[in-house]
Amino acid sequence: IRDNFDDSPRGIPGNDDSGAMSSWLVFHTAGLYPFAGTDLYLIHSPQVRRTTFTVKDGRRFTIEAKGLSPERKYIRAAKLNGQDHPYSTLRHEDLVQGGRLILEMSDQPGDWGRAMKSDE
(Lines give C-alpha, C1' and ligand atoms only; values in the text may rest on other atoms or scores of the structure.)
Protein backbone atom coordinates (compact mmCIF):
# COMPACT_ATOMS: atom_id res chain seq x y z
CA ILE A 1 0.00 0.00 0.00
CA ARG A 2 2.73 2.50 0.92
CA ASP A 3 4.56 1.85 -2.36
CA ASN A 4 1.63 1.73 -4.77
CA PHE A 5 -1.27 3.82 -3.47
CA ASP A 6 -1.36 7.57 -2.78
CA ASP A 7 -3.37 10.67 -3.68
CA SER A 8 -1.32 11.55 -6.78
CA PRO A 9 -2.56 11.09 -10.38
CA ARG A 10 -0.60 7.81 -10.44
CA GLY A 11 -1.81 6.75 -6.99
CA ILE A 12 -3.82 3.70 -8.04
CA PRO A 13 -1.81 1.19 -10.09
CA GLY A 14 -3.38 -0.01 -13.33
CA ASN A 15 -7.05 0.23 -14.16
CA ASP A 16 -9.38 0.89 -11.22
CA ASP A 17 -11.88 -1.68 -12.60
CA SER A 18 -14.91 0.54 -11.98
CA GLY A 19 -13.96 1.08 -8.37
CA ALA A 20 -12.79 -2.44 -7.46
CA MET A 21 -9.22 -1.40 -6.60
CA SER A 22 -10.23 1.72 -4.68
CA SER A 23 -12.90 -0.16 -2.70
CA TRP A 24 -10.34 -2.88 -1.92
CA LEU A 25 -7.99 -0.15 -0.68
CA VAL A 26 -10.64 1.35 1.61
CA PHE A 27 -11.57 -2.02 3.12
CA HIS A 28 -7.94 -3.12 3.47
CA THR A 29 -6.94 0.14 5.16
CA ALA A 30 -9.81 -0.34 7.64
CA GLY A 31 -8.73 -3.93 8.43
CA LEU A 32 -11.40 -5.87 6.53
CA TYR A 33 -11.27 -8.12 3.47
CA PRO A 34 -14.61 -8.94 1.82
CA PHE A 35 -14.70 -12.71 1.33
CA ALA A 36 -16.24 -13.12 -2.15
CA GLY A 37 -19.40 -15.19 -2.38
CA THR A 38 -20.14 -14.98 1.35
CA ASP A 39 -21.51 -12.46 3.83
CA LEU A 40 -18.17 -12.43 5.66
CA TYR A 41 -15.30 -10.01 6.01
CA LEU A 42 -11.94 -11.35 7.13
CA ILE A 43 -10.50 -9.19 9.93
CA HIS A 44 -6.83 -8.29 9.71
CA SER A 45 -4.48 -5.59 10.97
CA PRO A 46 -5.69 -2.20 9.77
CA GLN A 47 -3.46 0.54 8.41
CA VAL A 48 -5.17 3.31 10.40
CA ARG A 49 -6.17 3.69 14.05
CA ARG A 50 -9.84 4.45 13.41
CA THR A 51 -12.30 4.09 10.56
CA THR A 52 -15.99 4.91 10.62
CA PHE A 53 -18.39 3.71 7.94
CA THR A 54 -21.80 5.32 7.63
CA VAL A 55 -24.10 2.41 6.88
CA LYS A 56 -27.81 1.62 6.61
CA ASP A 57 -30.22 4.31 7.86
CA GLY A 58 -27.37 6.61 8.89
CA ARG A 59 -25.97 4.17 11.43
CA ARG A 60 -22.23 4.08 11.92
CA PHE A 61 -19.79 1.22 12.25
CA THR A 62 -16.40 2.11 13.73
CA ILE A 63 -13.25 0.03 13.74
CA GLU A 64 -10.67 1.17 16.28
CA ALA A 65 -7.17 -0.31 16.53
CA LYS A 66 -5.92 0.52 20.03
CA GLY A 67 -2.15 0.84 20.25
CA LEU A 68 -1.60 0.45 16.49
CA SER A 69 1.93 1.30 15.35
CA PRO A 70 4.43 -0.16 12.88
CA GLU A 71 5.69 -2.37 15.71
CA ARG A 72 2.25 -3.16 17.18
CA LYS A 73 0.65 -4.66 14.08
CA TYR A 74 -0.77 -7.92 15.48
CA ILE A 75 -4.33 -8.26 16.79
CA ARG A 76 -4.22 -9.56 20.37
CA ALA A 77 -7.97 -9.36 21.09
CA ALA A 78 -11.17 -7.96 19.63
CA LYS A 79 -14.49 -6.77 21.00
CA LEU A 80 -17.62 -6.35 18.90
CA ASN A 81 -20.09 -3.99 20.55
CA GLY A 82 -18.48 -4.59 23.94
CA GLN A 83 -18.46 -8.40 23.71
CA ASP A 84 -15.35 -10.53 23.22
CA HIS A 85 -14.97 -11.43 19.54
CA PRO A 86 -12.39 -14.23 19.19
CA TYR A 87 -13.25 -14.80 15.52
CA SER A 88 -11.25 -13.57 12.53
CA THR A 89 -14.45 -12.85 10.60
CA LEU A 90 -17.23 -10.29 10.74
CA ARG A 91 -20.67 -10.77 9.18
CA HIS A 92 -22.04 -8.13 6.82
CA GLU A 93 -25.16 -7.90 8.99
CA ASP A 94 -22.98 -6.93 11.99
CA LEU A 95 -21.45 -4.13 9.96
CA VAL A 96 -24.71 -2.69 8.58
CA GLN A 97 -26.39 -2.76 12.00
CA GLY A 98 -23.76 -0.27 13.19
CA GLY A 99 -21.59 -0.50 16.25
CA ARG A 100 -17.93 -0.80 17.17
CA LEU A 101 -15.16 -3.28 16.56
CA ILE A 102 -12.29 -2.61 18.94
CA LEU A 103 -8.98 -4.29 18.11
CA GLU A 104 -6.28 -4.49 20.79
CA MET A 105 -2.94 -4.43 19.00
CA SER A 106 0.32 -6.10 20.10
CA ASP A 107 3.93 -6.34 18.99
CA GLN A 108 3.74 -10.15 19.00
CA PRO A 109 1.35 -12.54 17.27
CA GLY A 110 -0.94 -14.47 19.58
CA ASP A 111 -3.93 -16.81 19.54
CA TRP A 112 -6.61 -14.30 18.57
CA GLY A 113 -8.63 -15.26 15.51
CA ARG A 114 -8.09 -19.00 15.66
CA ALA A 115 -11.62 -19.71 16.92
CA MET A 116 -14.24 -20.51 14.32
CA LYS A 117 -17.99 -20.15 14.66
CA SER A 118 -19.85 -23.33 13.82
CA ASP A 119 -22.08 -21.47 11.33
CA GLU A 120 -19.16 -20.14 9.21
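How many bridges join strand 1 to strand 2? The two strands run antiparallel and are joined by 3 bridges. Strands here are DSSP runs of E, at least two residues long, and helices are runs of H or I, at least four residues long, both numbered from the N terminus. Two strands pair if DSSP finds at least two bridges between them.

This is a predicted model, in which local features need pLDDT of at least 70 and side-chain atom pairs count only at pLDDT 80 or more, while totals for chains, interfaces and linings use all residues. Residues are numbered from 1 along each chain as its sequence is written, and side-chain values use heavy atoms, with hydrogens and water left out.

Start with the strand 1 and strand 2 hairpin. It has 5 residues between the strands, and G37 takes a positive phi near 80°. L32 stands opposite I43 in strand 2.

Strand 2 (residues 40-43) also pairs with strand 7, again antiparallel, through 3 bridges. Y41 has L90 as its bridge partner in strand 7. For L42, the partner there is T89.

Together, 3 strands form an open antiparallel sheet in the order 1-2-7. Strand 1 (32-34) and strand 7 (89-91) stand at the edges with a single partner strand each, so one side of each has no neighbour in the sheet. From one strand to the next, the twist averages 30°. Helix 1 (residues 20-30) packs on the sheet and touches strand 1 and strand 2. Its direction makes about 140° with that of strand 1. Such angles run from 0 to 180 degrees between N-to-C directions, with axes fitted as lines to C-alpha atoms, for helices over the stretch in contact. Contact means heavy atoms within 4.5 Å.

T62 lies in strand 4 (residues 60-66). T62 counts as buried because its relative accessibility is 8%, where buried means under 20% relative accessible area (1.4 Å probe, protein chains only). Its side chain makes a polar contact of 3.0 Å with that of T52. A polar contact is a pair of N or O atoms within 3.5 Å; within protein, one must be able to donate a hydrogen and the other to accept it, and residues adjacent in sequence count only if both atoms are side-chain atoms. Beyond four places in sequence, T62 also touches L101, among others.

Technical notes. Buried means under 20% relative accessible area, exposed over 50%, partly exposed in between (1.4 Å probe, protein chains only).
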